[in-house]
Amino acid sequence: MSLRSAVDEARTSYVARNPKSLECFRRAEESLPGGGTRSSIFIHPFPLFISKGEGTSLLDVDGHEYLDFVSDFTSGIYGKTNKVLRDAIVTALDNGIQLGAHTPFESRLASLIRHRFPSMELLRFANSGTEANLLAITTALKFTGRTKVMVFEGGYHGSLLSHFEVKKDQLVEAELVEEDRKNEVNVLTVPFDYLVAPYNDLAATKSLIQANATSIGAIIIEPMLGAGGCIPGDATFLRGLRQLATDVGAVFILDEVQTARLGFGGRQKTLGITPDLCTIGKFFGGGFAFGAFGGKLEIMQMFDSRRPGAVSHGGTFNNSPCTMVAGATALEQILTEPALEALNSIGDDMRDSINAAFKSLSAPYIVTGLGSINQLHCTLPGKLKTAGLDLVFFRLLERGYWIAQRGLISLNFAMSQSDVDGFVTAVIKVVREMQDLVMD
Ligand SMILES: Cc1ncc(COP(=O)(O)O)c(C=O)c1O
C-alpha cells in the first residue's frame, strides 16, 4: 500500500470513529468560520470535540480517552486538573472576580517573575503572548525612535506576528525544513517595517544588521523556534545577535513565551544572555490568559505614570486577580526549579529514545526540540512530509495518544514516566508498521 492510501484509510477510520465530534463540528461551523476560533488546534478534516480533561487525559464527545502530548501547545504544563491551582483560584474568586484597582496580587506575581528573570528589572502584564510581543516591539521602536523590526525566518511571536517565511533550507539540515502547513495558509501580520533574517545564520544576519544599522529599533527572536518546528537557536548565534544589537543601538527582545519553561530562568539563563526586553506568557498565568513584557529600567520606566510624558499602557484584564493569584501560586509551588529540571530531563530522554529508534529503523522521521518541548518532523520530500506526519498523527490517536497534527509533542506535570514510556513505544510501533508502505 502507498503512504497516501494509508493516510486516506486512517482518515476514513477517524471520521467513522467520531460521529459526535462531526455533529458538534457541523453545529460549530454555523457560527464560527471553520467551526472554531483558534486555527492552531484545527484538525483536518474536522477536529475532535473534547468534553472533559482530567490529569493528563482528554475525553472526547464520542467517549474516547487520550493521553495529551500537546499540553495546549506548551501552556498546559499543569495538566487538566491541579488541586493547588484550583484552591488558589477559588479563594481568589471569593475575594472578587474583578476589582478594577491596584492589588497586592500583581506585585507578588511581578516580584516572582523578576526573581526568575533578572533581565526584567521592571515589567508590565498583558493578556497574551501576542500582546506582550506587540507591546515589546512598539516600546522598542518608541525608545529608539527608529522604524525597522528584525524578525527571523520561521519565527512566531503570536497570532499577529506570525511565521516569517522560511526562504532557506538551513534551519538544522536541509531535509529538516518543513514544507510547513502554516506556510500554505495566509497569516495576519501587523505591518511593521520588517527585516526578515535567516535563523541560526550569524554572518547573513550581521550583514543585514550592518546595512540597516541606523534604522533597526528592535530585534525580536525566540531562543528556540517554537511553532516554526522546535529548532533550537545556536548559542553562538544568539550571543552574537545580542552583541550586534548593542553595537547598532537596537533593542534586543527575547521571546521566551514558550522557552521560559525550559529552565528556572528560561533559556536566557542557560545561555547567559541578557536581553534588553523579554516577553513571557502561556503557563505563567496559572492556566489563564496571560502575557508580560519587561526589561531594562531605562526602557520600562517610560510606563511610570508619575513621570512627565509617561507612556500610557492600558488593558482591562492586565491585572485580573484570578490570573495574578493563579500565576503566583504556580510560580511558588509548581514551577519550581527541581520540578522543571525533572520534566525537561524526561523530555530529553524521550527525544533521544525516539530518535535512536528512528535511526535504527532508517525511518524518515526525526524529533527536534529541547527538554519538554519537541516536534516530530517527517523528512520525506515535498507533500509526502505532510502525509507522513498525518499518518503518525491518526495512528497515534487510534492508540489513545494525542499529539498536534503538525507534530508538536509537549509534556506536562500530570504525566508519569510510564505515560511517557508508553508514548515512546507507541510512536516507534506506529513508525515500524509503516516500513512496508511504498513512499508515494
Ligand atoms: C514563541 C511564542 N511567542 C508568542 C506566542 C503567542 O502567545 P499567545 O498565543 O498567548 O498570544 C506564542 C504562542 O504559541 C509563542 O509560541
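**View 1. Helices H1 and H12 lie oblique to each other.** The model shown here is predicted. Helix H1 covers residues 3-17, and helix H12 covers residues 384-398. Their axes come within 9 Å and cross at roughly 40°. H1 passes H12 in a left-handed crossing. On the H1 side, the contact uses Leu3, Arg4, Ala6, Val7, Ala10, Arg11, Ser13, Tyr14 and Arg17. On the H12 side, look for Leu384, Ala387, Gly388, Asp390, Leu391, Phe394, Arg395, Leu397 and Glu398. The residues of this H1 and H12 contact sort into 10 nonpolar, 2 polar and 6 charged.

**View 2. Helix H12 also meets helix H13.** H13 runs over residues 417-433. The axes of H12 and H13 come within 10 Å, and they cross at roughly 125°. That angle makes H12 oblique to H13. The crossing of these two helices is right-handed. From H12 come Val392, Arg395 and Leu396. They meet Phe423, Ala426, Val427, Val430, Val431 and Glu433 of H13. What kinds of residue build the contact of H12 with H13? There are 7 nonpolar and 2 charged residues, and no polar ones. Find Arg395 again: it takes part in the contact of H12 with H1 and in the contact of H12 with H13.

**View 3. Helix H11 packs against helix H13.** H11 spans residues 337-361. The angle between H11 and H13 is about 20°, and their axes are 10 Å apart. That makes H11 roughly parallel to H13. H11 passes H13 in a right-handed crossing. H11 brings Ile346, Met350, Ser353, Ile354, Ala357, Phe358 and Leu361 to the contact. H13 brings Gln417, Val420, Phe423, Val424, Val427, Ile428, Val431 and Arg432. Together, the residues of this H11 and H13 contact divide into 12 nonpolar, 2 polar and 1 charged. Phe423, Val427 and Val431 meet H12, and they take part in the contact with H11.

View 4. How far is a backbone N or O atom of Gly129 from an oxygen atom of the ligand? The distance is 2.9 Å. For Thr130, a polar side-chain atom lies 2.5 Å from an oxygen atom of the ligand. For Asp255, a polar side-chain atom lies 2.7 Å from a nitrogen atom of the ligand.

**View 5. Ser2 sits in the segment before H1.** Its side chain makes a polar contact with the side chain of Ser5, at 2.8 Å. Which residues does Ser2 touch, leaving out those up to four places away in sequence? They are Leu437, Val438 and Asp440.

**View 6. A cis peptide bond joins His44 and Pro45.** Its omega is about 5°. Where is Pro45? It lies in the loop between helix H2 (19-28) and strand S1 (50-54).

**View 7. Thr74 has a positive phi.** The value is about 85°. Note that Thr74 is not a glycine. Thr74 is found in the loop between strand S3 (65-68) and helix H3 (83-94).

Note on methods: Residues are numbered from 1 along each chain as its sequence is written. This is a predicted model: local features need pLDDT of at least 70, side-chain atom pairs count only at pLDDT 80 or more; totals for chains, interfaces and linings use all residues. Side-chain values use heavy atoms; hydrogens and water are left out. Axes are lines fitted to C-alpha atoms, for helices over the stretch in contact, and angles run from 0 to 180 degrees between N-to-C directions. Helices (H or I, at least four residues) and strands (E, at least two) are DSSP runs, numbered from the N terminus. Angles under 35 degrees count as roughly parallel, over 145 as roughly antiparallel, 65 to 115 as roughly perpendicular and the rest as oblique. A crossing is left-handed if the near helix is turned anticlockwise from the far one by less than a right angle, and right-handed if clockwise. Contact means heavy atoms within 4.5 Å. Ala, Val, Leu, Ile, Met, Phe, Trp, Tyr, Cys and Pro count as nonpolar, Asp, Glu, Lys and Arg as charged, and the others, Gly among them, as polar. A polar contact is a pair of N or O atoms within 3.5 Å; within protein, one must be able to donate a hydrogen and the other to accept it, and residues adjacent in sequence count only if both atoms are side-chain atoms.
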